[in-house]
Amino acid sequence: MYTLYYSPGSCSLIVHCLLEEFGVPFELKRVDAASKDEYRRLNPKGKVPALATPDGVLTECVAIVEYLCDRHGDGKLLGKAGTWERAKTLERIATLATEVHPLFNRFFHEDDFSDAKEVQAGVKARGTQKLLAYFREEDAALTRAYWSGDTLTAADFYFMVIARWGRWLEPPAPRMHHIAPFYTRMTARPAVMRAMQREAITPLGT
Ligand SMILES: N[C@@H](CCC(=O)N[C@@H](CS)C(=O)NCC(=O)O)C(=O)O
């Protein structure tokens, strides 16, 4: 039995959706300000997600996604180890984790970058600019059913969560011309609907 430590709508939603997709039993534990100190004993980084597994506690979205897909996906959603499909899907996931997620840190947590208000404003403004440029480029390229192509992969769940954060941009990422049908398709998946319902969030709301 797994336990997923999560915060609603955060990057832990990617893992939550995959657990639902694979239909494996798991418990959910919400991490918030009140439980943070206790949570640090389990995950000293203090961030979500963390997945308590029979093998131990695993952190980092990329590692958890690969672990779950290998254990439960049988090559589905990530591709079998050693294949081009696996490499290309991981390439997409790695870009989201190492390039795009940090841009959202500038957008949501500009005060992490400086104590000076004018520097924070600059960090946020540049982050916003880069995110809009990123989503416009992805929107133009997203001409197939899924962000990753004709076949659903784990990267699509990651992009869906990232696009959901982009609802605060103007224009909102989930409403962009090509991203919109992808986003609707993803958020209509029963597994995604179940995960969002349990986190008390909606595709475009809190
Ligand atoms: N590199 C980590 C990033 C995790 C992360 O930034 N989690 C955010 C939510 S999306 C978090 O826990 N933020 C709360 C905090 O930093 O205290 C991963 O990909 O799992």
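Analyst: A residue counts as near a molecule if its C-beta atom, placed from the backbone, lies within 6 Å of it. By this rule, the residues around the ligand are S7, S10, C11, G46, K47, V48, P49, E60, C61 and A97. This is a predicted model, in which local features need pLDDT of at least 70 and side-chain atom pairs count only at pLDDT 80 or more, while totals for chains, interfaces and linings use all residues. Residues are numbered from 1 along each chain as its sequence is written.

User: How do the residues of the shell around the ligand divide by type?

Analyst: They divide into five nonpolar, three polar and two charged, where Ala, Val, Leu, Ile, Met, Phe, Trp, Tyr, Cys and Pro count as nonpolar, Asp, Glu, Lys and Arg as charged, and the others, Gly among them, as polar.

User: Why are α4 and α5 called oblique to each other?

Analyst: Helix α4 (residues 84-108) and helix α5 (residues 117-141) pack at an angle of about 140°, with their axes 7 Å apart. The axes are lines fitted to C-alpha atoms over the stretch in contact, and angles run from 0 to 180 degrees between N-to-C directions. Angles under 35 degrees count as roughly parallel, over 145 as roughly antiparallel, 65 to 115 as roughly perpendicular and the rest as oblique, and α4 and α5 are therefore oblique.

User: Which residues of α4 meet α5?

Analyst: V100, L103, R106 and F107 in α4 meet V123, K124, R126, G127, T128, K130, L131 and Y134 in α5, two residues being in contact if their C-beta atoms, placed from the backbone, lie within 7 Å. The residues of this contact divide into six nonpolar, two polar and four charged.

User: What makes α4 roughly parallel to α6?

Analyst: The axes of α4 and helix α6 (residues 154-165) come within 9 Å and cross at roughly 15°, which makes α4 roughly parallel to α6. In this contact, T89, R92, I93, L96, V100 and F104 in α4 meet A154, A155, Y158, F159, I162 and W165 in α6, and these residues divide into 10 nonpolar, one polar and one charged.

User: How do you know that β1 and β3 pair?

Analyst: Two strands pair if DSSP finds at least two bridges between them, strands being DSSP runs (E, at least two residues) and helices likewise (H or I, at least four), numbered from the N terminus. Strand β1 (residues 2-6) and strand β3 (residues 50-53) pair in the antiparallel sense over three bridges, with L4 opposite L51 in β3.

User: What makes β2 and β4 the edge strands?

Analyst: Four strands form an open sheet in the order β2-β1-β3-β4, and β2 (26-30) and β4 (56-59) each pair on one side only.
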